[in-house]
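Look at the structure below and keep it in view while reading.

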Number of protein chains: 2
Amino acid sequence: MSHSIKVAQFGLGPIGQNCLHLLAKDPRFEIVGAVDINPQFVGQSVAEVCGLAENLGGFVRASFEDLWAVHQPDAVLHTAGSRASTSFAQCRPMVERGVAVVSSCEELLFPWHRAPDETRMMDELCRRFGGRILGTGVNPGFVLDVLPVVLSTVACAVRGVQGTRVVNASLRRQPLQKKIGSGLAPEEFRRLWREGKAGHAGFQESLCLLAHALQWKMGAITENLEPVLAEREVCTEFFHVQPGQTRGLHQTVSAVSDHGCRIHLDLTMALDEESPQDRVILDSEPALEMVVPGGVSGDRATVASLVNALPRLLRTAPGVRLMTDLPLTVGES
Amino acid sequence: MSHSIKVAQFGLGPIGQNCLHLLAKDPRFEIVGAVDINPQFVGQSVAEVCGLAENLGGFVRASFEDLWAVHQPDAVLHTAGSRASTSFAQCRPMVERGVAVVSSCEELLFPWHRAPDETRMMDELCRRFGGRILGTGVNPGFVLDVLPVVLSTVACAVRGVQGTRVVNASLRRQPLQKKIGSGLAPEEFRRLWREGKAGHAGFQESLCLLAHALQWKMGAITENLEPVLAEREVCTEFFHVQPGQTRGLHQTVSAVSDHGCRIHLDLTMALDEESPQDRVILDSEPALEMVVPGGVSGDRATVASLVNALPRLLRTAPGVRLMTDLPLTVGES
């Protein structure tokens with residue numbers, strides 16, 4: 001690669017800070033600054049806020065426009081929310097300046113699902129100004145959507161996809177343990193789920209991306225969530241869960257196509273969960289199965305997926321992009 | 001997709017005929033003819049030669065030029081050899097007419113390895129005339145090269161790749177049972193291997209594609225082959241192997257990069273082999289492992305990989321393409 005990619009970080013939560021640590025070690029990238037709404041961060045150096053060893057990374061700005069006035073990044077890593085419409089609003093000034101945005105926003109994995117009008121508008125802006133925007137991660141973004149699509153490239157007559165992911169959340173960060181309902185009464189967790197305030201985001205988007213790649217027209221999507229209850233006391237760094245309280249979630253999403261092809265995705269994320277693993281089964285010729293013992297788990301993988309997507313995204317044409325549009329290579333050919 | 005892709009088949013061996021059967025069932029494609037050197041086939045209808053149920057597929061021609069005079073395919077499936085230079089010579093008239101070629105030729109997985117000058121010339125021709133050429137399959141083309149690259153997209157600090165494939169060849173077609181040395185005396189098989197007349201082709205190319213995608217500069221490649229000997233009599237439809245004779249091969253390929261990163265690939269293909277499976281292990285953060293129980297095996301998967309690569313290849317820019325250049329989607333976005 002002839003020159004490094006100038007990157008700015010939007011959002012300095014745990015994932016955003018970990019992205020900066022990875023970017024700082026990678027000669028493909030040059031960090032030019034960060035954006036965060038926290039007034040305690042604004043004006044400080046990125047190295048200071050994130051504990052980067054060297055004096056790398058410029059300063060934290062209050063807005064992307066403030067940053068752009070000083071530095072013009074080629075790309076932005078956006079880690080600031082799960083909703084497509086909020087994320088699109090935040091990223092609009094970036095794509096209007098021809099910037100390539102990789103976002104951890106779960107709904108951006110397949111934004112056509114929940115925000116088709118805004119996606120169309122963003123796609124037009126991207127094409128007009130040379131911008132790109134992509135949502136990715138490990139889940140959604142890899143295990144239950146990209147992996148089955150990868151497997152389908154060596155199969156014919158695919159009639160069904162079954163994906164199962166089991167995560168032991170005991171060693172994960174606090175926000176993840178919270179979103180899976182740790183310590184809540186089961187009825188309280190169900191209520192939060194119904195109100196859209198708990199559970200795994202982007203699950204329907206995984207199904208939509210799969211259906212899109214397989215060129216299946218799906219009927220209505222069914223999504224369910226049930227709390228996983230503790231049978232004995234469970235203690236982590238952040239939560240103490242009593243027997244009968246929620247220690248995690250069991251969430252499923254499924255749909256059938258107009259030709260009877262089925263997608264069923266099944267996710268368990270819970271504290272003290274035994275036998276974590278990812279598994280994908282294709283009903284196809286030949287029948288195919290793939291297992292990741294232990295599962296692709298942990299925030300390291302999420303951060304790697306975001307950072308590795310940057311040069312891949314820059315190889316695609318401008319527009320709202322999907323993971324299935326990207327070439328595989330991290331670098332240039 | 002607005003209209004179907006016009007495809008011709010080059011080579012009517014078992015794989016080529018199976019490709020035609022799959023193409024015939026897939027509404028994305030229209031078969032316009034085939035090319036084969038067998039004088040018994042030339043002039044006959046493709047449907048007759050290949051046993052296609054319907055009167056699909058035009059006629060068998062003696063050369064691509066003969067076919068082109070009547071039909072102008074968008075794409076060609078090339079299944080007629082393992083050597084890069086021979087395949088390039090066969091495919092040159094295709095790419096000079098702007099055709100996209102997907103080939104099962106093992107060395108075309110990474111033709112820069114054994115035929116750099118011819119690859120450069122073909123790449124120039126492709127770019128000048130709008131042609132494309134890609135080598136793929138299951139092995140090489142998926143299990144020990146594409147899969148580890150896919151896994152690396154969610155990892156950082158990759159320092160090593162280990163890939164293992166175990167195939168039970170008992171139920172495979174005759175040419176495959178032959179190429180793994182079935183029934184030969186071990187010294188005879190070793191001699192054929194040294195003369196380049198036996199063993200798995202394209203193994204070094206898998207390693208090269210991996211190194212390319214990971215942007216590693218590898219030192220010398222070491223490749224070894226040892227016969228797997230029968231301990232008891234083994235009978236298949238095609239071979240009777242006595243104790244002490246060869247029932248298959250154990251082949252390895254490995255190299256170390258200038259920064260100490262390692263690739264080691266390990267392949268066992270043998271009659272009566274127990275516990276077939278594919279396994280990929282990344283030495284990375286996080287450490288990652290992926291297993292395909294039973295392995296991606298059988299000619300159905302190979303044929304599917306070739307056919308599915310066609311629309312993906314057509315989405316790339318003209319040139320000599322690698323599997324890692326392709327977007328994932330089978331169809332258009």
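The text below describes a predicted model, part by part.

**Two copies and their contact**

Two copies of a chain are related by a rotation about an axis and a shift along it. Here, a rotation of 180 degrees with 0.0 Å of shift along the axis places chain B on chain A, with an RMSD of 0.0 Å. That is the relation of a two-fold axis. Both copies use the same surface, since 100% of the contact residues of chain B recur in chain A.

How many residues does the contact take from chain B and from chain A? The contact takes 37 residues from chain B and 37 residues from chain A. On the side of chain B that touches chain A, α6 (146–152), β14 (288–293) and α10 (299–314) of chain B each supply at least two residues. Of the elements on this side, β14(B) gives the most, with 6 residues. By type, the residues of the side of chain B that touches chain A are 24 nonpolar, 9 polar and 4 charged.

**The sheet in each chain**

Strands of a sheet pair through backbone hydrogen bonds, either parallel or antiparallel. In chain A, 7 strands make an open sheet with parallel pairing, in the order β3-β2-β1-β4-β5-β6-β15. The edges are taken by β3 (60–61) and β15 (319–321) of chain A; each has a single partner strand, so one side of each is left without a neighbour in the sheet. Inside this order, β5 (residues 100–103) of chain A pairs with β6(A) in the parallel sense over 4 bridges.

Strand β6 (residues 132–135) of chain B pairs with β15(B) in the parallel sense over 3 bridges. Within that pairing, L134(B) has R321(B) in β15(B) as its bridge partner.

**The nonpolar core**

In soluble globular proteins, nonpolar side chains tend to be buried together. The largest nonpolar core of this model has 210 residues. Which of its residues touch the most other members? They are V7(A) and V7(B). Apart from neighbours within four places in sequence, V7(B) is in contact with residues including L23(B), F29(B), I31(B), V32(B) and L310(B). E30(B) and P73(B) are also among the contacts of V7(B).

**A buried serine in a loop**

S182(A) is found in the loop between α7 (174–179) and α8 (186–194) of chain A. Is S182(A) buried or exposed? It counts as buried, because it has 27 C-beta neighbours inside 10 Å. Leaving aside neighbours within four places in sequence, the contacts of S182(A) are Q177(A), F239(A), V241(A), T246(A), R247(A) and L271(A). S182(A) and N168(A) are 14 residues apart in sequence, and their C-alpha atoms are 12 Å apart in space.

**Backbone exceptions**

Most residues other than glycine have a negative phi, and most peptide bonds are trans. The table lists exceptions in this model.

| Site | Feature | Angle |
|---|---|---|
| N139(A) and P140(A) | cis peptide bond | omega about 0 degrees |
| E285(A) and P286(A) | cis peptide bond | omega about -10 degrees |
| S275(A) | positive phi | phi near 55 degrees |
| D272(B) | positive phi | phi near 60 degrees |

P140(A) has its place in the loop between β6 (132–135) and α6 (146–152) of chain A. P286(A) lies in the loop between β13 (277–285) and β14 (288–293) of chain A. S275(A) lies in the loop between β12 (262–270) and β13 of chain A. This serine, S275(A), counts as exposed because it has 10 C-beta neighbours inside 10 Å. D272(B) is in the loop between β12 (262–270) and β13 (277–285) of chain B. With 18 other C-beta atoms within 10 Å, D272(B) is partly exposed.

Definitions and conventions:
Residues numbered from 1 in each chain as written. Chains lettered and ligands numbered in written order. Predicted model: local features only at pLDDT ≥ 70, side-chain atom pairs only at ≥ 80, totals over all residues. Core = buried A, V, L, I, M, F, W, Y, C linked by C-beta atoms within 7 Å. Buried ≥ 20, exposed ≤ 12 C-beta atoms within 10 Å, placed from the backbone. Contact = placed C-beta atoms within 7 Å. Nonpolar A, V, L, I, M, F, W, Y, C, P; charged D, E, K, R; others polar. Pairing = 2+ DSSP bridges. Least-squares fit on C-alpha atoms with pLDDT ≥ 70 in both.
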